Amino acid sequence: MKLRTQLLLLQLAIVLVAVLGTGFVAGWLQEQQLRDSYRDRMIAVAQSVATLPAIISALDSDQPSETVQPIAEVVREASDVTYVVVVDSDGIRLSHPTPALIGEQVSTDPSDVLAGEIYVGTQTGTLGESWRVKVPIFDGDRIVGAVSVGILESNLRTDYLGNSVVLFVTIGVAAVFGVVGAAWVTSVIRRRIYGLEPDEIVGLLEAREAMLHGLREGLVALDEHGRIALINDSGADLLGLDDPHGVVGHPAIDVLSDELVRMLDDDGSRQRLVLVGERVLLVQCDVALIDDRLLGSVFILRDNTKLHALMRDLDGANDLADGLRVQAHGFANKLHVISGLLELGHVSEAVSFIERVGDGGTLSSVTNGSGIRDLEIAALLLVKQMRAHESGINLELDSSSALSPLATHSRGEGARDDLLTVLGNLVDNATEACSPGARVRVRILETFHSFEIEVSDDGPGIPEKLRSKVFSPGFSTKGPPPGVVTATRGIGLTLVERIAHRHGGEALLATSPTLGGTTIIVRLPFAETARQTNAKEAEVLL
């Protein structure tokens, strides 16, 4: 059965049950009111007859019916009842609409009323089934007879039907309007759901859920009021939400980051890189329209964290290869010098030249000539030194720097990855802010409780009024790189601060006391388990 037919039949059933039920109750109440009206009238007539002095005195005479019958008939005609019957104490009729029945015993039992009780009910007598009232007649304290006043049930039904015509017509009209209204509502609902059947709606919903939650990209939809209308699993994971269903219906300003919310104020399609937590997301925001009607906005989120890491590694590999080519060229020149000195017979000069330049290369000078014992950190510093040298900037490592190899350390690879990220972003930020000829100094310290990275420069520094915004997402004093449309600035320092906060540390901005430019200090405390492990190691060594 089609949905339209089901809706129509269900609504018809509801309308008919409601209308017919209401009509039945209204009819029953009307019948009760009619019976109550007749009952009150019959009781009043019977009591008025039972208290007439003429009736009471006639009951003690020899021919009571000659007095009682005319009075009873006058009262019957005046009160519009079927009969008024007066009986004596023995139950003998003294009046009746049919005179031939006067003097006979009544057809119903008069014992209750002759005992002093008032009777109201339906009984079948000589005239048929009737709704009647029986009242005793008192002569002082003595019961001398009774009065029975009644109306035929057929007359009651006739009056009831006559008064119910309007009610039945009204019920019929209401039923017709209900049927027409049900058909109209069914048609409206059918149009609202685009004529789809329930199984088609279920299929579309299942396909929608499978598609949304199967997407690798995150999807967040907002309604026209700026509330979260939909979020898939990938979107919740990228935004760091534990309960994606729990945020549906909440204002976007309470769920999304400030940078995402600001994208809603831009016109048209917007795309930019946004830092959410420690993830770098490529976010596209579009307005959702159907038939030129605004439905809301849609965010499409793509995780660019791994891509950025790969691009950073690729840049580092390229820079390292360039540096090795330069170093190889330098070694070739040195070999030519040594070869020429030997051919000329200047052996002592050749030995002196070898002793002067034979330090094992740049990388070994970083690892052996300083306190940096971790190879990956040293390699990063080497690459940054070469890139800074190409830009005319002198990048130097502070002589007090000290860092043990992290691969065999209890803090392990997680600490190394965070240190690489923090160190790389701080050095890049400093070298990009400086002009050729500037100096950048890096100091890395490892204490019993924390790592500390300090990067200073002798550049122009950061104005006091902008220092509070340095770690804010999207803030940068530099424009985007040449040829790049999507903004990539304003992410590095924010990421550094968030990594520090995740470890329970801090990122501080100050003026360098020695170089005069800007100093950024990042402290990364050890995890509690690492502290306990280091304490045990130290205890064993002691």
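Author: A cavity is a set of grid points where a 1.4 Å probe fits but cannot get out. The model before us is predicted.

Reader: What is the general idea behind the use of a probe?

Author: Rolling a probe the size of a water molecule over the atoms shows where empty space is left.

Reader: How many cavities of 30 Å³ or more does the count come to here, and what is the volume of the largest cavity?

Author: The count comes to two cavities of 30 Å³ or more. For the largest cavity, the computed volume is about 220 Å³.

Reader: Which residues lie nearest the centre of the largest cavity, and which elements give two or more residues to its lining?

Author: Its lining consists of 19 residues, and V85, V106, T108, R132 and S148 are those nearest the centre. The elements that contribute two or more residues to this lining are β1, β3 and β4.

Reader: In what order do the strands β1, β2, β3 and β4 stand in their sheet?

Author: They form an open sheet of four strands in the order β1-β4-β3-β2, and the pairing is antiparallel. Because β1 (83–88) and β2 (119–125) each have a single partner strand, they stand at the edges, and one side of each is left without a neighbour in the sheet. On average, neighbouring strands of this sheet are turned by 30° against each other, direction ignored.

Reader: Which helix lies across β2, β3 and β4?

Author: Helix α5 (residues 153–192) does so, and its direction makes an angle of about 45° with β4 (142–152).

Reader: What is the strand order of the open sheet of five strands?

Author: The order is β6-β5-β9-β8-β7, again with antiparallel pairing. β6 (228–231) and β7 (270–276) are the edge strands, each pairing on one side only. Neighbouring strands here are turned by 25° against each other on average, direction ignored. Within this sheet, β8 (residues 279–290) and β9 (residues 293–303) run antiparallel and are joined by ten bridges.

Reader: Let us turn to the interior. What tends to happen to nonpolar side chains in soluble globular proteins?

Author: In soluble globular proteins, nonpolar side chains tend to be buried together. In this chain of 542 residues, 37% count as buried.

Reader: How many residues has the largest nonpolar core, and which have the most contacts inside it?

Author: That core has 43 residues, and I377, L423, L426 and V522 have the most contacts inside it. Helix α14 (residues 412–433) gives the most to the core, namely eight residues. Leaving out residues up to four places away in sequence, L423 touches I377, L380, L381, V442, I444 and I453. Apart from this core lies another, of 28 residues, including V68, A72, V149 and L156.

Reader: Is strand β16 mostly covered or mostly uncovered, and which strands pair with it?

Author: β16 (residues 518–525) is mostly covered, with seven of its eight residues buried. Strand β14 (residues 450–457) runs antiparallel to β16 and is joined to it by seven bridges; E454 has I521 in β16 as its bridge partner. Strand β15 (residues 506–511) also pairs with β16 in the antiparallel sense, over six bridges, and L509 stands opposite I520. β15 and β16 form a hairpin with six residues between them, and G516 in the turn has a positive phi of about 90°.

Reader: Finally, why does H213 count as partly exposed?

Author: The relative accessibility of H213 is 26%, so the residue falls in the partly exposed class, which lies between the limits of 20% and 50%. H213 belongs to helix α6 (residues 198–214). Its contacts, apart from neighbours within four places in sequence, are I231, N232 and D233. The C-alpha atoms of H213 and S234 are separated by 7.1 Å, although the two residues are 21 apart along the chain.

Definitions and conventions. Residues are numbered from 1 along each chain as its sequence is written. This is a predicted model: local features need pLDDT of at least 70, side-chain atom pairs count only at pLDDT 80 or more; totals for chains, interfaces and linings use all residues. Side-chain values use heavy atoms; hydrogens and water are left out. A nonpolar core is a set of buried Ala, Val, Leu, Ile, Met, Phe, Trp, Tyr and Cys residues joined through side-chain atoms within 4.5 Å. Buried means under 20% relative accessible area, exposed over 50%, partly exposed in between (1.4 Å probe, protein chains only). Contact means heavy atoms within 4.5 Å. Two strands pair if DSSP finds at least two bridges between them. Axes are lines fitted to C-alpha atoms, for helices over the stretch in contact, and angles run from 0 to 180 degrees between N-to-C directions. On a 1 Å grid over the protein atoms alone, a cavity is a set of points where a 1.4 Å probe fits but cannot get out, and a pocket is an open set with protein on both sides within 12 Å along at least five of seven lines; lining residues have an atom within 4 Å of a point. Grid points are joined across faces, edges and corners, and a volume is the space filled by probe spheres set on the points.
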